[in-house]
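Colleague: I've got the model open and would like to talk it through. Can you take my questions one at a time?

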Amino acid sequence: MAKRVSMMDQHLGPRKATPARVRVAVRLRPCMDHEDDKTQKLCVRGLDSQTLEIVNWRNQLETMQYQFDSFYGDNASQREVYTGSVCPILPNLLIGQNASVFAYGPTGAGKTHTMLGNPNQPGVIPRAVRDLLQITRTAASAPENVNWSFTITMSYVEIYQEKVMDLLDPKNKDLPIREDKDHNILIPGVTQKTVNSFGDFDEHFIPASQNRTVASTKLNDRSSRSHAVLLIKVLKSQQISPFRQLTGKLYLIDLAGSEDNRRTGNQGIRLKESGAINSSLFTLSKVVDALNQGLPRIPYRDSKLTRLLQDSLGGSAHSVMITNIAPEHRYYFDTLTALNFAAKSKQIINKPFSQETTQSAAAHPAMKRPREEAEAAAAPCARKKSKTDSAEESPSSSMDASVKRKLKLASLDPGVVERLLKLDKILTEKGMKESLLLSTPKRERIALLKKWEESQVEIEKLKEKQKELEQKAMEAEARLDRSNSSDCNLSDSSVNESTFRAPLRGRNTSTAKAKKVLRVLPMQVNSRVQETMEEGITVIEKKQRKKQVTSGGQENEPTWEVNMRTDLMESGRERILKLLNGGSMKELKSLQKIGEKKAKLIIGWREVNGPFNKVEDLSSIGISAKQVSSFLKANILSIIAS
Ligand SMILES: Nc1ncnc2c1ncn2[C@@H]1O[C@H](COP(=O)(O)OP(=O)(O)OP(=O)(O)O)[C@@H](O)[C@H]1O
């Protein structure tokens, strides 16, 4: 669970201080004009390490003075700027606080030079990364951090024409910017690379920088056409319970310069880019004004730039703004605007807090036993970030990856594998090879296919065997019927077994184990008595007094009389009575000649009057004596047979 720890709560000595103001530094670039013109055209000069003056355009004989946290003159080195303004905020990252450094100023004033520099004069970005690596290494070896580990990751994006583009993976275009419940600004889906050494950083950063949109204008040969944002995350994780995690984020931002298009000579796409740049910088200025005036609504959402800087301006970060200015007279109004913006920005108060989370012991990887790890890996939706590359908050990509990694195919049902194979076929046909569900190593896939084929053969064999058994059962039955008919010389009008309901209905020709079957065989008209398979039971066809012919001209079916041993009759009667008094609806319905309606009547009667004393009491619910008698006979036969 994430929790905010305010600076007041931390007992951090000097850092226990009050909310942090945005620190503003101004850097004056050297004059780039010809030597001869220099003195005449300069409009700004430094007075000390914090103060500078600029000519008052209303009165050339006057100057206006500005004071900032730091002022770096035209001969200040990259190292001075870095150590004076950026280096002091880096330790905050190790205690889970955010920091941001952004270079602001008109086009051609030296923002990219300050942030990036060149191989001979490295700027803020390479210096900060190098120092962070060093600081975390030192911290990791300190005795108080013996149970902590440190991880550094990087993401790099540009905001080009109001679109967030992933410079580490240019395919990732127009990424969203979101805010989590703790008001942290996130870029879901942005590429994140782990940085273990400066070599790692170079490897990712250099090609990514080449992806940044740069073009030539009349004021700058290599003018940035976008705002570039490098995000460095420092994760400090406790390796023992309670597994605290501190996440500090450092934003290093090289803003595009404000442009006066009468002087840049921009046209077409350059003009469009310039429009987007100026509009986002105008929103930035509105945000600063709103913060200074304490307005209830700060228009962060009016541009992608301000949305991304929400943490840094009036938010949770320790922020440093380096305002770059140019000394040449032709830049006068740009410089004045930049200085005024810087002056009002320094009044902004941020409220840094530590971003700390704790993981339950069970959830921490160190506490997972191998089996739990395997289970976590097998869970299709489980999210596990790769050690080197990952996408921040990217549900779809991580889901795809986890499905590929975590489908434990060897343990899948062959039917599932078959369906997956079919799906893969469809995906392949649609050209979506990267989404294949069975993207597992070839060896494993072949083994699975083999297993699946074997299962199919096994299923076929079982089906064949079942057919054979059914055939045999039918033949045996036919043989029995033939022998019965020859022995008894019986007619086709034999009593159908279906006359006996549920208890006898269990006869299944396909089951190998034959059920006990009662065969009631009709006698011939001459009243021969047939002993049934059950000892003591005889079934006799009643002598027909007269051949009855129905109105339809059909002969009536013969009726039958069952003679049974008295003791069998009595025990059957007892069992039926027991059923009548205690049987459920379903059990009652399983009795011969009892349907739903009668079963309901039986239950209702016994609820009101108590148990039946004898089966004949069924007459109380409207069953005639004759019906009771045939009910008894039919059911006694069924019960004996079952
Ligand atoms: N302090 C400095 N020392 C030496 N050269 C500098 C300094 N600052 C800027 N320059 C040079 O000035 C030129 C313009 O600088 P840069 O490209 O950094 O400007 P920018 O503010 O980033 O412009 P844009 O907004 O158009 O991208 C570059 O050639 C750069 O090397």
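Colleague: Is Gly105 buried or exposed?
Modeller: In this predicted model, local features need pLDDT of at least 70, side-chain atom pairs count only at pLDDT 80 or more, and totals for chains, interfaces and linings use all residues. Residue numbers run from 1 along each chain as its sequence is written. A residue is buried if 20 or more other C-beta atoms (placed from the backbone) lie within 10 Å of its own, exposed if 12 or fewer, and partly exposed in between. Gly105 has 29 C-beta neighbours inside 10 Å, so Gly105 counts as buried.

Colleague: Which residues does Gly105 touch, leaving out those up to four places away in sequence?
Modeller: Gly105 sits in the loop between β8 (98–104) and α3 (111–115); helices (H or I, at least four residues) and strands (E, at least two) are DSSP runs, numbered from the N terminus. Contact here means C-beta atoms, placed from the backbone, within 7 Å. With that cut-off, Gly105 touches Lys111, Gly257, Thr323, Asn324, Ile325 and Ala338.

Colleague: Which residues does UniProt list for "binding site"?
Modeller: UniProt positions are given in the numbering used here, with feature names shortened, and annotations may be inferred rather than shown by experiment. The loop between β8 and α3 also holds Gly108, which is buried, with 26 other C-beta atoms within 10 Å. The unreviewed UniProt entry lists Gly105, Pro106, Thr107, Gly108, Ala109, Gly110, Lys111 and Thr112.

Colleague: How far apart are the C-alpha atoms of Gly123 and Arg79?
Modeller: Gly123 is in the loop between α3 and α4, and counts as buried because 23 C-beta neighbours fall inside 10 Å. Its contacts, not counting residues up to four places away in sequence, include Gln78 and His113. Gly123 and Arg79 are 44 residues apart along the chain, yet their C-alpha atoms are separated by 7.7 Å.

Colleague: What do the buried residues of α2 pack against?
Modeller: The buried ones in α2 are Gln78, Val81, Tyr82, Ser85 and Val86. They fall within an arc of 100° seen down the axis of α2, so they line one face of the helix; the arc is that of the directions from the helix axis to the C-beta atoms. Those residues pack against β3 (23–28), β7 (70–72), β8, α3, α4 and β18 (317–325).

Colleague: And α5: which residues are exposed on its other side?
Modeller: Phe201, Phe205 and Ala208 are the buried residues of α5, and they line one face of the helix because they fall within an arc of 65°. That buried set packs against α4 (124–141) and β9 (148–160). On the other side of α5, the exposed residues are Gly199, Ile206, Pro207 and Gln210.

Colleague: Which element has the lowest mean pLDDT?
Modeller: pLDDT is the predictor's confidence in each residue, from 0 to 100, and the protein chain averages 72, with 62% of its residues at 70 or more. Residues 366–389 are below 50, though this stretch has 26 contacts in the model beyond near neighbours in sequence. Where pLDDT is low, the predicted coordinates should not be read in detail. Among the elements, helix α2 (residues 78–86) has the highest mean, 96, and the lowest, 32, belongs to helix α14 (residues 502–505).

Key. Two residues are in contact if their C-beta atoms, placed from the backbone, lie within 7 Å.
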